[in-house]
Amino acid sequence: MKNMLKIIAITGLCLTLLPPLLAFSDRISMDTNKQLMFVGFLAWFCAAPFWMKK
């Protein structure tokens, strides 16, 4: 379970960091950028606290 949370959290972090780079290089639209970043934000903040706590 903890490994699955790590995968979800890291995927969310990637979805928060990569879309702005793709939008800057005109590979995706700004609307797609916003949607991907929102999904990444939700994934990161919902999954990360559970595997980072002691």
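Helices are taken here as DSSP runs of H or I spanning at least four residues and numbered from the N terminus, and in this predicted model N33 lies in helix 2. That helix, formed by residues 30-52, contains 23 residues and reaches 32 Å from its first C-alpha to its last, which is close to the 33 Å expected at 1.5 Å a residue.

The buried residues of helix 2 are N33, G40, A43, W44, A47, A48 and W51, and what covers them includes helix 1 (2-24). An α-helix has 3.6 residues a turn, so residues three or four places apart point the same way.

With a relative accessibility of 7%, N33 counts as buried because it falls under the 20% cut-off. When residues up to four places away in sequence are not counted, N33 touches P19, P20, A23 and I28. L36, which is also placed in helix 2, is partly exposed, its relative accessible area being 30%. Between L36 and I10, the separation is 26 residues in sequence and 14 Å in space, C-alpha to C-alpha.

The loop between helix 1 and helix 2 holds D26, a residue that has a positive phi of about 60° although it is not a glycine. Most residues other than glycine have a negative phi. At 70% relative accessibility, D26 counts as exposed, whereas N33, at 7%, counts as buried.

Definitions and conventions: Residues are numbered from 1 along each chain as its sequence is written. This is a predicted model: local features need pLDDT of at least 70, side-chain atom pairs count only at pLDDT 80 or more; totals for chains, interfaces and linings use all residues. Side-chain values use heavy atoms; hydrogens and water are left out. Helices (H or I, at least four residues) and strands (E, at least two) are DSSP runs, numbered from the N terminus. The expected span of a helix is 1.5 Å times one less than its number of residues. Buried means under 20% relative accessible area, exposed over 50%, partly exposed in between (1.4 Å probe, protein chains only). Contact means heavy atoms within 4.5 Å.
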